[in-house]
Amino acid sequence: MSIQIQGLSFGYGARTVLENIDFEVGDGEVVSLVGPNGAGKSTLLKCVNRINKPASGAVLADGRNVAEMGLKQMAKIFGYVPQSAPNSFCSTVFETVLLGRRPHLGWGVDRKNKEKVFETLVAMDLDRMAMRQFNRLSGGEQQKVLMARAIAQEPKVLLLDEPTSNLDLRRQLEVLELVMGIVREKNMSVLMAIHDLNLASRYSDRLLFLKNGQIHVAGPPEDTLCPLNIRNVYGIDSLINSDSGRPHIIPLGMYN
């Protein structure tokens, strides 16, 4: 499924956060939103998922305006993973992931839906903690469970807001490898807000640089990850190493 964002603007009161945003996420494509704090990455994800109501513009799913869809229909299209969940979220890991099946449930939870949850737990290497309380997990473990919940939802589009924010270096790679493997297998599209440019380069088909609520540049990592763009967006000098096949950023220092 493809997602089109057309002329989208959003603000809090008189403060404009996003202005005239236009781009598309193609069927099965992974697009990463990158940029400094306050650039509007998380806000844009919430606009796409209808958590925030845009001041103008539209979000289309295969040409259909999501503003005209019911909540159940939206849930079958978008799986949203926030940066964190409230610690008051009192349920087991299994029950938490089962919530992702709500768009597919009838009057009760049948065997088929329970099996879908267990398959997802196994795929995300979470089956051994299925009966543990979600609010007693570490931040990194909670993040994995929230991603499992979104995957169990079987959406067409996965919206990830800083999916590696609570993870150490090894877990960052582990989780992104697991999630992107499932994404490719199920041909999901992904729109992901992420701070780490090197992870974005490694796992994305395209990058979309946001600065002051606007798109500064967009395109494949090899076309957009260059010292000039990084200087203009982040205000730092850098070197780019492409020996691994994907651009790798080495920050040098603040640009004056």
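## Starting point: Ile250

Ile250 sits in strand 12, residues 248-254. Helices (H or I, at least four residues) and strands (E, at least two) are DSSP runs, numbered from the N terminus. The model is predicted, so local features need pLDDT of at least 70 and side-chain atom pairs count only at pLDDT 80 or more, while totals for chains, interfaces and linings use all residues. Residues are numbered from 1 along each chain as its sequence is written, and side-chain values use heavy atoms, with hydrogens and water left out.

Ile250 is partly exposed, at 36% relative accessible area. Here buried means under 20% relative accessible area, exposed means over 50%, and partly exposed is in between (1.4 Å probe, protein chains only).

Strand 1 (residues 3-12) and strand 2 (residues 15-25) run antiparallel, joined by seven bridges. Two strands count as paired if DSSP finds at least two bridges between them. Ile3 stands opposite Val25 of strand 2. The two strands make a hairpin with two residues between them. In its turn, Gly13 has a positive phi of about 65°.

Strands of a sheet pair through backbone hydrogen bonds, either parallel or antiparallel. In this model, six strands form an open sheet in the order 6-7-8-3-9-10, with mixed pairing. Strand 6 (78-81) and strand 10 (214-219) are the edges, and each pairs on one side only. From one strand to the next, the twist averages 15°. Axes are lines fitted to C-alpha atoms, for helices over the stretch in contact, and angles run from 0 to 180 degrees between N-to-C directions.

Strand 9 (residues 206-211) runs antiparallel to strand 10, and five bridges join them. Leu207 has Gly219 in strand 10 as its bridge partner.

## Helices across the strands

Helix 5 (residues 139-152) lies across strand 6 and strand 7 (157-161). Helix 5 runs at about 175° to strand 6. Helix 9 (residues 227-234) lies across strand 3 (30-34), strand 9 and strand 10. The angle between helix 9 and strand 9 is about 35°.

## Buried and exposed places

Helix 1 (residues 41-48) is largely enclosed by the rest of the structure, because six of its eight residues are buried. The buried residues are Lys41, Thr43, Leu44, Leu45, Cys47 and Val48. Arg50 follows helix 1 and has a positive phi, near 70°.

Gln172 belongs to helix 6, residues 169-186. Gln172 is buried, at 13% relative accessible area. Leaving out residues up to four places away in sequence, Gln172 touches Thr164, Leu167, Asp196 and Leu199. Contact means heavy atoms within 4.5 Å.

Glu68 lies in the loop between strand 5 (64-65) and helix 2 (71-77). Glu68 counts as exposed, at 69% relative accessibility. Glu68 and Leu126 are 58 residues apart in sequence and 36 Å apart in space, C-alpha to C-alpha.

## Salt bridges

Side chains of opposite charge can pair when their charged atoms come close. The whole structure holds 11 salt bridges. A salt bridge is a side-chain nitrogen of Lys or Arg within 4 Å of a carboxyl oxygen of Asp or Glu. Glu154 and Lys116 form one of them, at 3.1 Å, N to O. The pair links distant parts of the chain, 38 residues apart: Glu154 is in the loop between helix 5 and strand 7, Lys116 in helix 4 (residues 111-123). Glu154 is partly exposed, at 29% relative accessibility. Lys116 is partly exposed too, at 25%. Arg101, Lys116 and Glu154 are linked in a network of salt bridges.

Arg132 meets Glu141 in a salt bridge of 3.8 Å, N to O. Arg132 is partly exposed at 38% relative accessible area, and Glu141 is partly exposed at 23%. Asp237 pairs with Arg231 at 2.8 Å, N to O. Asp237 is partly exposed, at 24%, as is Arg231, at 32%.
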